Amino acid sequence: MGTHVIKMPDIGEGIAEVELVKWYVAVGDEVSEDQTLADVMTDKAMVEIPSPVVGRVVALGGEPGQVLAVGAELIRLEVAGDGNQREARRLAPAEPNPEPAARAEAPKPAPAPAPAPAPRQPEPEVQRDDDRPASRPAPGSPPLASPAVRQHAWDLGIELRFVTGSGQGGRILHGDLDAYVQQRDAGLPPATGGGGLAKRSGEERIPLIGLRRKIAEKMQAAKRHIPHFTYVEEVDVTELEALRATLNQRWQGRRAHLTLLPFLARALVVAVRDFPQMNARFDEESSTVTRYGAVHLGIATQGEQGLAVPVVRHAEALDLWGCAQEVARLATAVRSGKAGRDELSGSTLTISSLGPLGGIASTPIINHPEVAIIGVNRIVERPAFRHGLVVPRKLMNLSASFDHRLIDGQDAASFIQAVRQLLEQPATLFLE
């Protein structure tokens, strides 16, 4: 048997280090060729690291949250043949060799008969060292769960202290999370092992790693460097919604389904012709503002790992259906974790929308180094006065934030008013 060492690959674009986000294997696991071993995070995207060989995991090169340099040892596998051990250093220093005299004096043990191999039983969960205690964890102690289970619980929005573990020593398994979700979706109280209400205690410390840490760093930088101000305006989208419904009905099954976003994207493309300072990026180091002719629209999108901003490039060159198709494609890529670095960078103006959860108003944070962001709030039907009559209208608020170093309040208000007029009179969206 030999040893095969997998180093952190060069992902390209000058990236010198990456963050280790998640292991899919543990020491002792058998891995197959092309099996995903780990997820690592660059500045913009999550990257899967596959195994190029078949083998058994001997050692791991780091813990989730640790930053590793390109070329550093990622994982060590035991493989058939010679492997590539000569090309890499070991994860831990080897034990010192015994003295030659000691080796000579040590009695040679008699060979023991080889035991018959026992059939290998499948295990639903990898047993760690902290599986040894057979008793349940003491009240108030942190819940027992592997990193993979904790990540799964984080993705599902479950607090582990509320889950009853069925594993050894009260360890929480993936099946326990599934059972908890089924009970929650059915409206049943989670099983607690006893009737009545019980006090809850304990704490769970969850480190920020991967995309969640990148989001935190980016939001902190944006708020630290950019003096925000937010302007909110109400928009009557009754005619726009009627047009959208008509177009979807007419082209159903033959063209992409139209949401509000393609219309808003079109309104922004038209409005920035008169307000080019909104479609810009600011470099603090050189005190230079770059205004762009192309409109590369960032669309804030919620994925399983957190918020990402994929980019609809050259939105000014797309019609409604082309824009809708690109937004849908990018959203699918983000939610599946397959969005590439080039799809997550280079935006010049960003839209933030929570759809039906959009609330009445919001204060969106600018996507640094841009200078403006447009927040979309939910559409509600309310009574409104029109020509002396009270009539039902579909109303929506736009909440837009601007960089006050570069954009004055009057320019921001004028820009949003231009967008409002385009949306309230949707025929003007298509006039050249």
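The structure is a predicted model, where local features need pLDDT of at least 70 and side-chain atom pairs count only at pLDDT 80 or more, while totals for chains, interfaces and linings use all residues. Residues are numbered from 1 along each chain as its sequence is written, and side-chain values use heavy atoms, with hydrogens and water left out.

To start with the big picture, the chain holds eight helices and 17 strands; these are DSSP runs, numbered from the N terminus, with helices being H or I of at least four residues and strands E of at least two. Of the 432 residues, 39% are buried (buried is under 20% relative accessible area, exposed is over 50% and partly exposed is in between, with a 1.4 Å probe and protein chains only). The accessible surface comes to about 25000 Å², and 53% of that belongs to carbon and sulfur atoms (areas are from the Shrake-Rupley method with a 1.4 Å probe, and for residues only the protein chains shown count as cover). Among contacts with a separation of 6 or more, 64% join residues 24 or more positions apart; a contact means heavy atoms within 4.5 Å.

Next comes an open sheet of four strands, in the order β5-β4-β2-β7, with antiparallel pairing (two strands pair if DSSP finds at least two bridges between them). At the edges sit β5 (46-50) and β7 (67-69), each of which pairs on one side only. On average, neighbouring strands here are turned by 40° against each other, direction ignored. Axes are lines fitted to C-alpha atoms, for helices over the stretch in contact, and angles run from 0 to 180 degrees between N-to-C directions. Helix α4 (residues 210-225) packs on this sheet, where it touches β2 (17-23), β4 and β7, and its direction makes about 135° with that of β2.

With β15 (residues 349-353) it pairs in the parallel sense over four bridges, S353 being the bridge partner of V376 in β16. The hairpin of β16 and β17 has two residues between the strands, and H387 takes a positive phi near 55° in it. The loop between β15 and β16 contains P369, and the peptide bond from H368 to P369 is cis, with omega near 10°.

D34, with phi near 70°, lies in the loop between β3 (30-31) and β4, and D34 is exposed at 59% relative accessible area. H314, with phi near 50°, is found in the loop between β14 (311-312) and α7; its relative accessibility is 41%, so H314 counts as partly exposed.

Finally, there is one cavity of 30 Å³ or more, with about 60 Å³ of space in the largest cavity. On a 1 Å grid over the protein atoms alone, a cavity is a set of points where a 1.4 Å probe fits but cannot get out, and lining residues have an atom within 4 Å of a point. Grid points are joined across faces, edges and corners, and the volume is the space filled by probe spheres set on the points. The lining of the largest cavity includes P262, R266, L318 and C323. Both α6 (260-271) and α7 (320-335) supply at least two lining residues each, with α6 giving the most, four residues.

Terms used
1 Å grid on protein atoms, 1.4 Å probe; cavity = no way out; pocket = protein on both sides within 12 Å on 5 of 7 lines; lining within 4 Å.
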